[in-house]
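Let's take a friendly walk through a protein model together. Have a look at the sequence and the structure first, then read on.

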Amino acid sequence: MGWKKEKKQVNVSDFHQRQAIPLRFMRLIPTFCCNFDPEMEKQGLTMPFIGQETTWQRLLADLQVDRVPHALMLCGPEGSGKLALAVAFAQTLLCQHPREDGSACGECASCKMAAKLEHPDLHFTFPIVKGSRIKTPEGAVSDVYIKEWRARVLESPYFDLNDWLEDMGAANQQATYYVAESDNIQRKLALKSNQGGRKVMVVWLPEKMNQETANKLLKLFEEPPAGTHFHFKFKFFFIF
Ligand SMILES: [Zn+2]
């Protein structure tokens, strides 16, 4: 497993000042670096995270009283398992037959689809490069690289931007969120939930958004499209 030691502290407040995404909409869930324990696997979860027990219990407690905020920011040092935790919690939110403690059953159709990262109500958005696959500005969306993304996350959710650039065949290039991605997010938000339950979008490294993309996303938060039950059904996880 590509477990990495802490490299740097992510400066979250920087993001808020620069991108103006208001903190009031989000609950900050800090994650902490902890020692790698290969024996530790969560039953039923196909994306076991390492440690993070306190954060996990907090999330489950929120879920049990139906108070999971519509946007969660998972912030912590590189290697602390934010993405693994986000995917595990997404699976939990989408599970059709959760256990008594609120955790995912690991066996229902939703859990199985989430395990392959192929659940139609589980969306991912991440920075990309404009490679040869992208022919038009409108086509510059992360879905273009979804196959590589799934393969990478399934191999190990402990990776960094450089690993991801390599997967895109774009080592040493700059990855970003193009403006088309905010339209793409909006489109996904407007879609009806495929399975009739919640929808989850995992936003990996939102600090890579440029001003224009971030502003469009901010507008989505402030003026959610009618009929989306935004606060109840759609959950955003921002992974810093
Ligand atoms: Zn399940």
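This is a predicted model: local features need pLDDT of at least 70, side-chain atom pairs count only at pLDDT 80 or more; totals for chains, interfaces and linings use all residues.

Across the protein, pLDDT averages 78, and 74% of the residues score at least 70.

Two stretches call for caution. Over residues 1-25, pLDDT stays under 50, and the model has 35 contacts beyond four places in sequence for them. Residues 33-43 also stay under 50, with 14 such contacts.

## The overall layout

How many helices and strands does the protein have? There are 9 helices and 5 strands. If you follow the chain along its sequence, they come in the pattern α-β-α-β-α-α-β-α-α-α-β-α-α-β.

The protein has 240 residues, and 36% of them are buried. Now take the contacts with a separation of 6 or more: 77% of these join residues 24 or more positions apart.

In soluble globular proteins, nonpolar side chains tend to be buried together. Here, the largest nonpolar core holds 50 residues, and the members that touch the most others are Ala86, Ala90, Val202, Phe237, Phe238 and Ile239. Helix H3 (residues 82-94) gives this core its largest share, 10 residues.

Which residues does Ala86 contact, apart from its neighbours within four places in sequence? They are Leu74, Val202, Phe237 and Ile239.

Helix H2 covers residues 53-64, 12 residues in total. From its first C-alpha to its last, H2 reaches 16 Å, close to the 16 Å expected at 1.5 Å a residue.

Which residues of H2 are buried? They are Thr55, Trp56 and Leu59. Just after H2 comes Asp66, with a positive phi of about 55°.

## A closer look at Arg150

Arg150 belongs to helix H5 (residues 146-155). Is Arg150 buried or partly exposed? Arg150 has 14 other C-beta atoms within 10 Å, so it counts as partly exposed: a residue needs 20 or more to be buried, and 12 or fewer to be exposed.

Arg150 and Glu118 are 32 residues apart in sequence, and their C-alpha atoms are 8.4 Å apart in space.

How values were computed: Residues are numbered from 1 along each chain as its sequence is written. pLDDT is the predictor's confidence in each residue, from 0 to 100. Two residues are in contact if their C-beta atoms, placed from the backbone, lie within 7 Å. Helices (H or I, at least four residues) and strands (E, at least two) are DSSP runs, numbered from the N terminus. The expected span of a helix is 1.5 Å times one less than its number of residues. A nonpolar core is a set of buried Ala, Val, Leu, Ile, Met, Phe, Trp, Tyr and Cys residues joined through C-beta atoms within 7 Å.
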